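Biologist: Before I use this model, I would like the reasons behind the labels on its metal sites. Please take me through them.

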Amino acid sequence: MDMKVAKKLGLKERYTLMTRDLAWDTTYQPMDKVFPQVTFEGIKIHDWDKWEDPFRLTMDAYWKYQAEKERKLYAILDAFNQNNGHLSVTDARYMNVLKLFLGSTPPLELMAARGFSMVGRQMVGAGPRVACQMQAVDEYRHFQTQIHSISNYNKFYNGMDEFAHQQSRMWYLSDGKSFFDDAITAGPFEFMVAIGFAFEYVLTNILFVPFISGAAYNGDMAAMTVGFSAQSDEARHMTLGLECIKFMLEQDPDNLPIVQRWIDKWTWRGTRKLASVGMMMDYMLPKRIMSFKEAWEIYFEQNGAALFTDLARYGITVPKCFSQTIEEKEHVTHQSWIGFYMKPDATPFHTWIPGKEELDWLSEKYPNTFDKYYRPVYEFLDQQEKTGNRFNNKTQPMNCQVCVSTIKFNEPGDPMSTCFRETRYKGEKFHFCSDHCKDIFEHEPEKYVQTYISSHQGLQGNCAPEGVDVNAPDFNPGDHIADYWKLDKRATGDFNGSEDQKNFAAWRDQATKN
Amino acid sequence: MAIKALADYDFPSSDALENYKGKQLLYINWERHRMFSRPFVLALTPDTPFSVIVDQYITNCYSYHPDFAHIDWTQVVWQNSDTVFHPDMTKSLQENGIGHKDLIRFTTPGLDGIAGTGY
Ligand SMILES: [Fe+2]
Ligand SMILES: [Fe+2]
Ligand SMILES: [Zn+2]
């Protein structure tokens, strides 16, 4: 008897079978009741079949490919850990980069995973749904692998073990927390512009420079490998974000003003979020790759401008904040580091004054601003520390109602003055760090009146550990907030004199001397 | 603009006055002394005398700065946000027209931070 052997499927055929052919139109319930989220934002889609699937990746190929990456990654992590790789980093100050990264990034990867799972359910077309589900799995993997790579450091250095508790409570993590809370509580299309486009496409390189190259430059093979293992995912994420923008713009001309407003909003929110990333590049990496200013010029000013030129044919213009970010690139990292330095009791990582050569590097990289505005104050604070009078601002911060950064950025055109903006809504005053944050608020005040501001919550009596009477006449929230945050005292304060500094020196001596 | 949402969308403000049990929020900033990075926030009863702001909170926070000892308090320019005002030190916040979440900015003429940098 002749057996009929089925011909092996071609890539395109298999892709169609495994994605679009798996979808169906509902009949028990009308489609718009099953997918209500795709209309309320005002985006008009006429034909979901017009969605171009940018990478013809099926789930089975995806699993195989990702599993192979995992095997390689964990082999390297194991080898790094077994060989006491943590002692081969440039300098114990590097651990503080990891601590800041751990609190601020893996929790947001998890939020991205949640967001893409939701959008994967909410979108109508099978193409975007499959792509969003893959991205959700990617983001979950980033969340896990980042934590795994840092968990080895947690055995040796202070301040890493409570990052999950701290993420939704601590002042300096509120900007990232609010960034994702804002995106995930928007509709699916805004989420795609926020995360898929503004973050993954426009700003992602700024994030990767300090983390992957920074790790490589500073001898952290573990973090570097995690970064590389994520990078091929990122290429897919960028393509998805861009495809979604083009799809919306091609579907209906009414979508343009909505999409433009989202681009303006999320490029700005992303820029604010990156101030602390820039600070890692300029201040925290013992061995520097390039300045934040240089990275901004290459990845935002040049590459970003090229991208927006490309999108001009759809009517998209450069984000409103473009010129302000160019002015600020000379300032934000210095202003951020001063903001962290002056608060030594309130972060689970150490801060310090850059050494003389590091100050010289900053003077060279920031010829227009560093000597004029920042170097004198660092030299003053250095003298103070050396005479036993280390700066410690014990007060609680004022934050922007939208981006939740502390209000520490300068008035445009006047680096000597702080920028303040405010508005009234239903009789209450709200404060902002910038015109852009004020605009965002005024467009959706109902949303941003709910912002969680750590210092305000403390003053309301919501941040005391159990058993503390917040109504007692002498209650002072500042006395309890460190316990509420589960802040390890050993991880706070100046790097000089810290336990991490001593241990690293002692262990490295043991490893390298007789 | 009103928010677009799938259902009724009405949530209270996190920092409404009633959340502070008789107190109100007040922000303080010393202009051109950005070493302190950002303003600081207090929760005080509206009958708190303005002098307490200067003698206690401003002094505790800002006396670390070498300019602080040189302040001529008769020359200080006070603003509530962008509006210049003349606080009466003996009177309360309320009597000085200071409400919930007001931002008090003070400028000390001739003092511009470390080496005149604004820091
Ligand atoms: Fe990711
Ligand atoms: Fe991503
Ligand atoms: Zn802001």
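This is a predicted model: local features need pLDDT of at least 70, side-chain atom pairs count only at pLDDT 80 or more; totals for chains, interfaces and linings use all residues.

Biologist: What makes the site of the zinc ion (ligand 3) tetrahedral?

Modeller: The angles among its four donor atoms are 106 to 118°. Four donors count as tetrahedral if all angles lie between 85 and 135 degrees, so the label applies.

Biologist: Which atoms coordinate that zinc ion (ligand 3), and how do you know that they count as donors?

Modeller: They are the SG atoms of A:Cys400, A:Cys403, A:Cys433 and A:Cys437, at 2.3 to 2.4 Å. The cut-off here is within 2.8 Å of the metal, so these S atoms count. Along the chain the donors follow the spacing C-x2-C-x29-C-x3-C. A:Cys433 and A:Cys437 are both buried.

Biologist: Why are A:Glu234 and A:His237 called buried?

Modeller: Buried means under 20% relative accessible area. A:Glu234 has 7%, so it is buried; A:His237 has 1%, so it is buried too.

Biologist: Where do A:Glu234 and A:His237 lie?

Modeller: Both are in helix α11 (residues 221-251) of chain A, three residues apart, about one turn of the helix.

Note on methods
Residues are numbered from 1 along each chain as its sequence is written. Chains are lettered from A and ligands numbered from 1 in the order in which they are written. Side-chain values use heavy atoms; hydrogens and water are left out. Donors are N, O and S atoms within 2.8 Å of the metal (3.2 Å for Na, K and Ca); water is not among the atoms, so sites may look incomplete. Four donors count as tetrahedral if all angles lie between 85 and 135 degrees; four count as square planar and six as octahedral if opposite donors are over 155 degrees apart and all others between 65 and 115; anything else is irregular. Buried means under 20% relative accessible area, exposed over 50%, partly exposed in between (1.4 Å probe, protein chains only). Helices (H or I, at least four residues) and strands (E, at least two) are DSSP runs, numbered from the N terminus.
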